[in-house]
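My plan was to look things up in turn and write each one down.

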Amino acid sequence: MSASDPKLFVCEHPLIQHLLAEARDQRTGPMVFRRLLRQVGAMLAYEALRDLPRITRRIQTPMEAMEVQTMRAPVTIVPILRAGLGLADGMLEVLPDARMGHIGLFRDESTLNPVTYYEKLPEDIAGGPTLLVDPMLATGGSACEALAKLWGRNCVDVRFVCLVASPEGVKRLHELDPNVPIYTAAVDRQLNEKGYILPGLGDAGDRLYGTG
Ligand code: PRP
Ligand code: URA
């Protein structure tokens, strides 16, 4: 939790920071970059789901009966395409019964406004927690647009997970809703004039897929 923003969680675990450091390095190519995002995605999911609602069940071990705790409802992972897929792949590997929804957005390069091109979400998405996932929270336009789409589906427990945030993006998302928790590995210095995060890691989608 940050001192000035109780819903901003900067995940400072050394393993997360190590993976982020490698991902930032411009010498890291797409194959390693994909592996890093997958690994860090799993770790960020743990961080973001620490307070996941649970239920108590009675089971029988080979020795005796006992009460165990399990998740109350399946988590839905919603990557913002394209780059969100990089983190979401790692989350899927560690989350039992997780479902995936997809929101396709790209930033118009001249206005920096998000443009929607795809949306496919589970019908009953509102029944459990949703992880909204994108490695970069830059101007915050894409995250705000995606969040509004989830609200349109009556989602109440939405957690935004990213790898690198800008102060501008955090501010914009929390101006829209101060109660949406943001989990990130870093809050960087600032945006440049083209809306890229400094020092950042460049264009996450291009680095994942070798485009650009
Ligand atoms: C990148 C990134 C976010 C968005 C962040 O996606 O993955 O979705 O920009 O910027 P914002 O906070 O200013 O909206 P991009 O639009 O480049 O699309 P891509 O994932 O297909 O590369
Ligand atoms: N999108 C990215 O992929 N990187 C940035 O720094 C900003 C937006």
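My entries below cover the ligands, a sheet and some backbone details.

**Entry 1: the model.** I noted at the start that this is a predicted model.

**Entry 2: around ligand 1.** I asked how many residues surround ligand 1. I found 15, and the closest are Arg 107, Asp 134, Thr 139, Gly 140 and Ser 142. I then sorted the shell around ligand 1 by class. It has six nonpolar, five polar and four charged residues.

Next I looked up which elements supply the shell. β6 (102-107), β9 (136-137) and α4 (141-152) each give at least two residues to the shell around ligand 1.

**Entry 3: atoms touching ligand 1.** I went down to single atom pairs. Asp 134 places a polar side-chain atom 2.4 Å from an oxygen atom of ligand 1. For Ser 142, a polar side-chain atom is 2.6 Å from an oxygen atom of the ligand. With Gly 140 the backbone is involved: one of its polar backbone atoms is 2.9 Å from an oxygen atom of ligand 1. I then checked how covered the ligand is. Taken alone, ligand 1 exposes 500 Å², and the protein buries 91% of that.

**Entry 4: around ligand 2.** I listed the residues around ligand 2. They are Arg 107, Met 136, Ala 138, Gly 195, Tyr 196, Ile 197, Gly 202, Asp 203 and Ala 204. By class, the shell around ligand 2 has five nonpolar, two polar and two charged residues.

**Entry 5: atoms touching ligand 2.** Which part of Ile 197 lies 2.8 Å from an oxygen atom of ligand 2? I found that it is a backbone N or O atom. Ala 204 has a polar backbone atom 2.8 Å from an oxygen atom of ligand 2. For Gly 202, a backbone N or O atom lies 2.8 Å from a nitrogen atom of the ligand. Taken alone, ligand 2 exposes 240 Å², and the protein buries 89% of that.

**Entry 6: the pocket.** Where does ligand 1 sit? I found ligand 1 in the largest pocket. I looked up ligand 2 as well, and the space it takes is the largest pocket.

**Entry 7: a sheet.** An open sheet of three strands runs in the order β9-β11-β13, with parallel pairing. β9 and β13 (186-187) are the edge strands, and each pairs on one side only. I reminded myself that strands of a sheet pair through backbone hydrogen bonds, either parallel or antiparallel. β11 (residues 164-165) pairs with β13 in the parallel sense over two bridges. Across that pair, Ala 165 stands opposite Val 187 in β13.

**Entry 8: cis peptide bonds.** I checked omega next. Leu 81 and Arg 82 are joined by a cis peptide bond, with omega about -5 degrees. Arg 82 lies in the loop between β4 (76-81) and α3 (84-94). The bond from Leu 198 to Pro 199 is cis too, with omega near -5 degrees. Pro 199 is in the loop between β15 (197-198) and α6 (204-209).

**Entry 9: positive phi.** Last, I looked up phi. Leu 112 is not a glycine, yet its phi is positive, near 65 degrees. Leu 112 lies in the loop between β6 and β7 (114-120). Asn 154, also a residue other than glycine, has a positive phi near 70 degrees. I placed Asn 154 in the loop between α4 and β10 (158-161).

Key: Residues are numbered from 1 along each chain as its sequence is written. Chains are lettered from A and ligands numbered from 1 in the order in which they are written. This is a predicted model: local features need pLDDT of at least 70, side-chain atom pairs count only at pLDDT 80 or more; totals for chains, interfaces and linings use all residues. Side-chain values use heavy atoms; hydrogens and water are left out. A residue is near a molecule or strand if one of its heavy atoms lies within 4 Å of it. A polar contact is a pair of N or O atoms within 3.5 Å; within protein, one must be able to donate a hydrogen and the other to accept it, and residues adjacent in sequence count only if both atoms are side-chain atoms. Accessible areas come from the Shrake-Rupley method with a 1.4 Å probe; for residues, only the protein chains shown count as cover. On a 1 Å grid over the protein atoms alone, a cavity is a set of points where a 1.4 Å probe fits but cannot get out, and a pocket is an open set with protein on both sides within 12 Å along at least five of seven lines; lining residues have an atom within 4 Å of a point. A molecule sits in a cavity or pocket if more than half of its atoms lie within 2 Å of its grid points. Helices (H or I, at least four residues) and strands (E, at least two) are DSSP runs, numbered from the N terminus. Ala, Val, Leu, Ile, Met, Phe, Trp, Tyr, Cys and Pro count as nonpolar, Asp, Glu, Lys and Arg as charged, and the others, Gly among them, as polar. Two strands pair if DSSP finds at least two bridges between them.
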